[in-house]
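Here is a friendly briefing to read alongside the model. Please keep the sequence and the 3D view open as you go.

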Amino acid sequence: LASVRAEDRADMEKLRESTVTALPLLTARELTALVHKIELSGAASSTAPPWDHMWKQLQQHAVPKLPDLEGSSSLVMWANVYATVGFRAPHLFDAIASAAPPKLLDGSWRPRDVAMLAWSFAHSAHAAPHLFDAIATSTASRLQMQARSRTTRPGSTSGQRPWWSRQSLVHRVVSRSTARTWCARHAIGSS
């Protein structure tokens, strides 16, 4: 059994080395698929050596290619994997925070992806006020559309104030402690 484990460790080392060597050749989409498969395997759920080198290299090669990704799922995948694994990747999170707001504001993101992105940033304790603004704005827009559709249904009451405010959205989308800090920094009061 000990020899099998040693062989497994040797195989994993070869796989890590060949993965890192291939990174410069991969497209943004291929890098995203790779990081997803690594996370699903559970083999790289450590940020300790020797895995830390692979996580650093993945981040280094992904950051310049993130703007090429289409759709919300890819950006969310990167944020979620790094948050779940616990690898601190400030450059990666900064790149995601820059790339996500325009895509968030077009209204095409699924609520699940918005929630996962917010969780990833909160879990990683990565400050991104402009991203949180975009999340709140996107969520508010979606809620306003839903509220309008409800008021046109038979038996609905029009003219009622919504149950949510901008501050309550931030509190619901981002973890409560992070939201309180963010709201205090941006002087958002109750409305």
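Predicted model: local features only at pLDDT ≥ 70, side-chain atom pairs only at ≥ 80, totals over all residues.

Residues are numbered from 1 along each chain as its sequence is written, and side-chain values use heavy atoms, with hydrogens and water left out.

**Helix H5 against helix H6**

- Helix H5 (residues 90-105) packs on helix H6 (residues 111-123) at an angle of about 155°, with the axes 12 Å apart. Helices here are DSSP runs (H or I, at least four residues), numbered from the N terminus, and axes are lines fitted to C-alpha atoms over the stretch in contact, with angles running from 0 to 180 degrees between N-to-C directions.
- That angle makes H5 roughly antiparallel to H6 (over 145 degrees; under 35 counts as roughly parallel).
- The crossing of H5 past H6 is left-handed, meaning that the near helix is turned anticlockwise from the far one by less than a right angle.
- On the H5 side, the contact (heavy atoms within 4.5 Å) is made by Phe-93, Ile-96, Ala-97, Ala-100 and Leu-104, and on the H6 side by Val-114, Leu-117, Ser-120 and Phe-121.
- By class, this H5 and H6 contact has 8 nonpolar residues, 1 polar residue and no charged ones. Ala, Val, Leu, Ile, Met, Phe, Trp, Tyr, Cys and Pro count as nonpolar, Asp, Glu, Lys and Arg as charged, and the others, Gly among them, as polar.

**Helix H4 against helix H6**

- H4 and H6 pack at an angle of about 30°, with their axes 9 Å apart, and that makes H4 roughly parallel to H6.
- H4 also passes H6 in a left-handed crossing.
- From H4, the contact uses Ser-72, Ser-73, Val-76, Ala-79, Asn-80, Ala-83 and Thr-84; from H6, it uses Asp-113, Met-116, Leu-117, Trp-119, Ser-120, Phe-121 and His-123.
- The residues of this H4 and H6 contact divide into 7 nonpolar, 6 polar and 1 charged.

**Aromatic rings**

- The structure holds 4 aromatic pairs, where rings of Phe, Tyr and Trp (its six-membered ring) pair if their centres lie within 6.5 Å, and planes over 60 degrees apart count as edge-to-face.
- One of these is the edge-to-face pair of Trp-55 and Tyr-82, at 5.2 Å centre to centre with 75° between the planes.
- This pair links distant parts of the chain, with Trp-55 in helix H3 (residues 51-62) and Tyr-82 in helix H4 (residues 72-85), 27 residues apart.
- Tyr-82 also forms an edge-to-face pair with Phe-87, at 5.8 Å centre to centre and 75° between the planes.
- Tyr-82 counts as buried at 0% relative accessibility, and Phe-87 counts as buried at 9% (buried means under 20% relative accessible area, exposed over 50%, partly exposed in between, with a 1.4 Å probe and protein chains only).
- Ring pairs link Trp-55, Trp-78, Tyr-82 and Phe-87 into a cluster.

**Two single residues**

- His-126 has its place in the loop between H6 and helix H7 (129-151), and is buried, with a relative accessible area of 15%.
- Not counting residues up to four places away in sequence, His-126 touches Pro-90, Phe-93, Asp-94, Phe-121 and Phe-132.
- Leu-34 lies in helix H2 (residues 28-41) and is partly exposed, with a relative accessible area of 21%.
- Leu-34 touches Thr-19, Leu-23, Leu-26 and Leu-58, again not counting residues up to four places away in sequence.

Key
Helix = DSSP H or I, 4+ residues; strand = E, 2+ residues; numbered from the N terminus. Parallel < 35°, antiparallel > 145°, perpendicular 65-115°, else oblique. Phe/Tyr/Trp six-rings, centres within 6.5 Å; stacked < 30°, edge-to-face > 60°.
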